[in-house]
Structures are given as structure tokens and as C-alpha cells.
Protein chains: 2
Amino acid sequence: MTYCLAMRLDEGLLFMSDTRTNAGVDNVSTYRKLHVFRPDDQRLFVLQSAGNLATTQEVLDRITRDLTGPGPSLATVDHLFEAAIYLGELSAATAARHEATLGTGATATFILGGQVGTDPPDILLVYPAGNYIRASDDVPFLQIGEAKYGKSYLDLAVRSNAALNTAAKIALSSMVSTAVANLSVGPPYDIGIYDRDSFELRHARIDGDSPYLARLSATWSEHMLAAVHALPSLEPGDIQVLSPDHD
Amino acid sequence: MTYCLAMRLDEGLLFMSDTRTNAGVDNVSTYRKLHVFRPDDQRLFVLQSAGNLATTQEVLDRITRDLTGPGPSLATVDHLFEAAIYLGELSAATAARHEATLGTGATATFILGGQVGTDPPDILLVYPAGNYIRASDDVPFLQIGEAKYGKSYLDLAVRSNAALNTAAKIALSSMVSTAVANLSVGPPYDIGIYDRDSFELRHARIDGDSPYLARLSATWSEHMLAAVHALPSLEPGDIQVLSPDHD
């Protein structure tokens, strides 16, 4: 599996990816799943990938080759949604070529984020079929891969109106709690921070044994345990001995 | 779907079940998924169910009929694991009778907890195939149905060495966070509290609009937002502009 997430905030965009790949628990490796393309100084694209590793690598290679070719590419699209369509076509076509031998196991799912010219920065999810959706205004984040364990943290980022740097800490917390629960998600973690109109991506790679991660976990732990201590008690009148019955 | 959980603590056992059933999002109903059997004053069994509603109801009806019959039943078993084997056989046989028409869609999964005589209280998970596992010493809880969203709360209960009443609050928090994320899990919620050697189950039913639930959520929210505020910042030296590349 994989866990990648992206958030759209007023100040810009936030990306977080794990790096674990596996072909079974006895065959685990580390690959970057956060990629950046900057065809010129008015276009920045960030790609996060989940799914078949061979398909994602071929798609990335084709994107790179297309940048200097005559056809459509990330250097020619005028809007982010056009990049999503282009990426979706590449991805679906690549998976289709392997369908006879691999079935649906060769598909990949992407998050595509970034900014093109004067359009606002945005994040889109590109499905294996090649179609896409964007993050909503109410839920301005996207997840691919193992999305369930860490989702509540992202809700929290939205509820707290987090700024970009705070969102990065929350996203990392979401990642760590997912990695604890699912062995197929693991460190190091790649954080990408995109400041609106900057057309460059600030990046940090966090190792699993980083002292920073330990401090982050300790802070959560401290506040969660304090919350447990403060939880209100059930009203004694609400609790009654249950008669055996079978409804 | 469904979400049921059970915890084994020094003081006794804790059970929590939602009540939502559905046959599609346009056909939603409320059924108890927490059941108690007390064949005599030295045997208490708690059953939680997930899966096909017809199968779980038939299994419960058969268990009830067997209590007064000549064959094996919850009134005759000497240990909890024997009850798990008995339940597993009933469940697998019931599902098998519907397999021709329903395929694997007729299966059910159960958590069976309780105490028989002088044996310590315990919780076991009975699979659709009829086999069972018990909760481990390191992870003394079990979940069936939608287990992912609420799992971190149960880890927290273990880490904080929660007493039975505190565990009940944590379990309810786990339930609420699951119901927020998955529409097929919903209130009212049934809490069962079993005090070791009591051979009776204390029970509370919590409605979705209960003021208690609102206070519980507010307490979490307050402490989570405080945690967000307190999270340590990434070292500025750890963040660098990422060059476009394709490894």
C-alpha cells in the first residue's frame, strides 16, 4: 500500500508521502512517491503516486520525455485540469498495456497539485480510469492509498484553520499514525510545501528515527492522555443491568 | 457495515456496538448488535455481531432454542472457548445453507465475551469459517466491522491503562469517530460493562443527540486543538527547495 495526502490552504498547498513499496511483506523497498516538475518559472506540478510501481515509473518517464517533445506535455497545458487529463491518459494507457498479463493490478492513482500561471494553486485526484476530481471547498484535502487511519487528523487541520506550516505538522502526524497501523506504509516521509505564487516546492525528508518525530509523537501523546483524564463520565442513571434478551 | 469492539481489562470487560444496519444507503434501519445470555448465575455471555443480518438473527434464535434443548448449548459449555466453537459451528452452518443463493454474502462475524465459572473473563473473535482467536495480552481488544477509523483510540486506552469506566468513555469516542467517517455505522450506541465475577452486564444506550456525547466530543476537540497549537516546528534547516527530478 501507500499513503499520500495533499491539502489546499489559503497560503498554498501541502503534500505528504510515505516511501514504502512492497511486493509482499518479504519484499519491501523505499521509493520516492513525491515528484516535482517545473517546466518553466510559471508552472509547478507536484505528483504523488499510489499503485503499481512499474506503471508509476513508466508514467513519470513518459512525462519527462514529453517535456521536450512536440506533443502535449506539462510544458504546454494552460490549466491544471488539462495536466490531469494528460496524466490520466498516460496512466490509463500504460496500465491497459499490462492488463492482459496483470489484470487490474497494474493501475495507478495520482494526486496532481501545483499552479499554472495566474490560476490559483489546486490539487486533483487522478483515478486509474484517467478521470479526475478536485478537492472540495468543505474538505480541501485528498488522500490516496491507506486513507482511513489518518483521516481524522486532516479533518482537524481543516477545523483549526491551520496555516501551511502547522498543516505540515498535522499531515506528518496523520502519516505517522497510519504507518503505526499499516506496515505497508513507512518512513522516510516526504513533505512538500508550496507557497502560493512561488513556483518552487520547499521539501523536507523525515526519517523514521528522527528526534523531531519523537517530539511530535510525545506532544500528541501528552495531550491525548490529558483528554482521557478530562473525559466526562456517563451519568450513573444511564447505566442499568441488562436483562438477557434476544431482540 | 457495522462497528463493534470489545476490551479485556483487569477489572472486567467492555463492549461497544453501533446499531445501524443497511441494505444500501437507501435502506437503513436500527438493530441491536449487542446481546447477552445468562443461562445461570455462573455463566454470562455477550455476543456482538457483524455481517448478514438474517444469519445473525437465525444464529441468535438457534442459540436461544438450544438453551432448553438436549444438545450442546451456552448452558452446557464448561469454558468460553467451547462456546466459541459452538457459536462458530452454528454461524458457519447457517451461512452455508444460504451459500447457493447468496454466496459469501450470508456470512457473519462475532465477538463473544463473558465469563464461565471460575475461568477469567475473556473476549474471542469468531470468524465466518467458524474458527476463533482471542485478544492478545499486548493488544487486549477486538474489533469487527469498520475497524480502522477508531483503532487509535483503543491503542490509547491500552497505553493509558484505563480502568473500566474510563475505557467505556474511550470506546465511545472510538465509536463516534468511526460513525463520523462511515455512514454505515451509526447511533444509538450500546455500551456493555462487565465487572469481573459479577455475572451480570451493566448497559447504557447512548443516542446520537445525547448531551453527553456532545460534551465528550467537545473535550476531545479542546485537547486536540491544544495539541495542534503545541506541536513542535520543523527545523528550518531541514527544509530545502526541491530540484525537479524523477528518481
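In the predicted model, A:Val241 has B:Arg202 in β12(B) as its bridge partner. This pair belongs to the contact between β13(A) and strand β12 (residues 201-206) of chain B, which are joined by 2 bridges and run antiparallel. A corresponding arrangement involves β12(A) and strand β13 (residues 240-241) of chain B, which pair in the antiparallel sense over 2 bridges. Here A:His203 has B:Gln240 in β13(B) as its bridge partner.

The pairing of β13(A) with β12(B) forms part of an open sheet of 6 strands, in which the order is β13(A)-β12(B)-β11(B)-β2(B)-β1(B)-β10(B) and the pairing is antiparallel. The edges of this sheet are formed by β13 of chain A and by β10 (141-145) of chain B, each of which pairs on one side only. Within the sheet, β12(B) is followed in the order by β11(B), and these two strands pair in the antiparallel sense over 6 bridges. B:Arg202, the bridge partner of A:Val241, stands opposite B:Ile193. The hairpin of β11(B) and β12(B) has 5 residues between the strands, and in this hairpin B:Asp197 takes a positive phi near 65°.

Strand β11 (residues 189-195) of chain B is mostly covered, with 6 of its 7 residues buried. Besides its pairing with β12(B), β11(B) is joined by 6 bridges to strand β2 (residues 12-17) of chain B, and these two strands run antiparallel. In this pairing, B:Tyr194 of β11(B) is the bridge partner of B:Leu13.

The contact between the chains takes 52 residues from chain A and 52 residues from chain B. On the side of chain A that touches chain B, two or more residues are given by each of β5 (34-40), α1 (53-66), α4 (151-159), α5 (164-181), β12 (201-206), α6 (211-230) and β13 (240-241) of chain A. Of these elements, α6(A) gives the most, with 12 residues. Grouped by class, this side of chain A has 27 nonpolar, 14 polar and 11 charged residues.

The relation between the chains was examined by superposition. Chain A is superposed on chain B by a rotation of 180° with 0.0 Å of shift along its axis, at an RMSD of 0.0 Å. This is the relation of a two-fold axis. In chain A, the C-alpha of A:Tyr149 is the nearest to the axis, 2.6 Å from it. Of the interface residues of chain A, 100% are also interface residues in chain B, so the copies meet through the same surface.

Note on methods:
Residues numbered from 1 in each chain as written. Chains lettered and ligands numbered in written order. Predicted model: local features only at pLDDT ≥ 70, side-chain atom pairs only at ≥ 80, totals over all residues. Contact = placed C-beta atoms within 7 Å. Helix = DSSP H or I, 4+ residues; strand = E, 2+ residues; numbered from the N terminus. Nonpolar A, V, L, I, M, F, W, Y, C, P; charged D, E, K, R; others polar. Pairing = 2+ DSSP bridges. Buried ≥ 20, exposed ≤ 12 C-beta atoms within 10 Å, placed from the backbone. Least-squares fit on C-alpha atoms with pLDDT ≥ 70 in both.
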